[in-house]
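I opened this model to look up how its parts are arranged and where they meet. My entries follow in the order in which I made them.

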Amino acid sequence: MKKSRIRNIDQGAIMKLNKILKNAFLIAVACLALSACATSKKSTGQMQGDVYTGTDTVEYLASGVPDRVFFATNESVLTTASRETLRKQAAWLRKNSDVTIVLEGHADERGTREYNLALGERRANAAKDYLMTYGISSNRISVLSYGKERPVDSGSNPLAWSKNRRSVTVKAN
Amino acid sequence: MKRSLFILLLLFILIPFKTFALIEVDITRGNLNPLPIAVSPLSIDENSRKNFEKILQKKNIGSEISIVVEKNLKTSGLFNPLNKDAFLQAPDIANLKPRFEDWNLIKAQALITGKVNFVEEKLRVEFRLWDVLAGKEMMALAFTTVPNNWRRVGHIITDKVYERLTGEKGYFDTRIIYVAEEGPKTRRIKKLAIMDQDGANNKFLTLGNELVLTPRFNPTSQMVTYLSYFRNLPRVYLLDIETGMQEVVGDFPGMTFAPRFSPDGKKIIMSFAKDGNSDIYTMDLENRIVEKITDHPSIDTSPSFSPDGKYICFNSDRSGYQQIYIMNSDGGNVKRISFGKGLYGTPVWSPRGDLIAFTKLHKGKFYIGVMRTDGSGERLLTENFYQEAPSWSPNGRVLIFYRETETDDKGEGFSAKLWSIDLTGYNERLVDTPTDASDPSWSSLLSN
């Protein structure tokens, strides 16, 4: 759970199985969501566990393509919702093959600056790895970590922090 | 009757002189009774006074220097400079031969006197430190320098007094490099800034066009290594403070960060992040040879050399969470040393070699603490909403760090400031800066 080694889990093969497994997958998602609700300490309308699920800060690369994914505290594991967002981004990137992107990785303010720089880089790379498994070439993607330097929400509370733990996909051209 | 009174009087006079052990200040524990010390204004003749007034726009440079000394002594927490209004003896006479009874009367245990002269366009300062109880001169020194260095003279005097009374080197003739911050929390503008240890002579070294972080001095305090987001490429840079020359350190295909110098100043140690993994590298500044020190799929960062250069302490989450590790300088023999509850970051080896300062996060609070190099004897010095990044004073007795405030419901009220605290956990102080500030790094002693 601690490391973002999702590349090993999600190989290209999943793509082929995708349609067949779609129904089963949706059920699995529903189960996960339910169990997450049941086990999480706090589940406000905008957070699941401590991962942000709202849309306040989200911008869109294109209609229906959110630009960012969110993370749990100290984690770089992609949530189910994050994977869905990244699959949408991958589909959009495949359609717009001239677009290059920067993945900007961020951490919340509740960590030391240097560790957070590394954590932001790890988060952005988790997103990058996932996009690559969906066929996006690594030379279209660059990664930039801001650590805790560029929060979107200046609040000092768990909800604000959850919005700040993110990887944002930014068009570079 | 008359005779016994005489003997009694004689005893009273003799007792102070019998104190053969000169005054000493113990800095190894919290000092709740700072030593009462009188800092007499340095005396100055009228001709010298006028000359310095012309050059420095200071009415009485003798008093100004003594104010620098006084403020330093007070800030150290070990001394209690007495109010000048109570002084009975004129500065010039006191410097020749203090009337110890007068100083004793106002409870001064130590006395600093001195004299300033204008000699061939230069500033000549002599000063004396006196043990009031023993009625003895403890030290007498003189310096000559350019008039513009007058504040440094005050710092050097303080260092000498501190050393004479505590037995350890001072930390007053030093500078702090830090990151000056302005603007809203979501779009902070950050500049490198440098100032004297007491906040004077503040100067900005970059313009704020790009984000800059974590500046650190080299051992001679002439060079600085730091992280800059120049052209949106976060890389470790080297800056020569005198010439303003800057260069990127190494040619890495990704983010380099968390830089520090080796104790001999010949290498920079830092993290390099690639493909979601940060490892520790060194680069030799002479031959540009890069060496990989750690090789682990976890985050390895915040490296800091031991003063003898033989070991490195660093931050890693290889156990699952941020902890402190030490290893040999070649990367061998990695050992975890932090085992307390919570997360540990920013380890920095003390200049004395015996302690490692760190930041700890536990149950939503941030602590600055110290532990021995084997991880034993953990001591937390201060608790706050957010604080991190301790840097040692060159004598290893004081830590400077930064603190950020909690914002209100509207996300307003954010600020970042520098603070210092004694190793004892006492004497916590806000360090004045003209703007908000973070990432302080303390220089070595500029003079010895």
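I began with the domain assignment of chain B, which gives domain 1 (10–166) and domain 2 (175–442), the bounds coming from an automatic or database domain assignment. Taken over C-alpha atoms, the centres of domain 1 of chain B and domain 2 of chain B are 36 Å apart.

I noted that this is a predicted model, in which local features need pLDDT of at least 70 and side-chain atom pairs count only at pLDDT 80 or more, while totals for chains, interfaces and linings use all residues. Residues are numbered from 1 along each chain as its sequence is written, and chains are lettered from A and ligands numbered from 1 in the order in which they are written.

Next I looked up helix α3 (residues 61–76) of chain B and helix α6 (residues 150–166) of chain B, which pack at about 45 degrees with their axes 8 Å apart. Helices here are DSSP runs of H or I with at least four residues, strands are runs of E with at least two, and both are numbered from the N terminus; axes are lines fitted to C-alpha atoms, for helices over the stretch in contact, and angles run from 0 to 180 degrees between N-to-C directions. That angle makes α3(B) oblique to α6(B), since under 35 degrees counts as roughly parallel, over 145 as roughly antiparallel, 65 to 115 as roughly perpendicular and the rest as oblique.

For the interface, I found 26 residues of chain A in contact with 36 residues of chain B, contact requiring C-beta atoms, placed from the backbone, within 7 Å. On the side of chain A that touches chain B, α4(A) gives the most, with 10 residues.

Technical notes
Contact = placed C-beta atoms within 7 Å.
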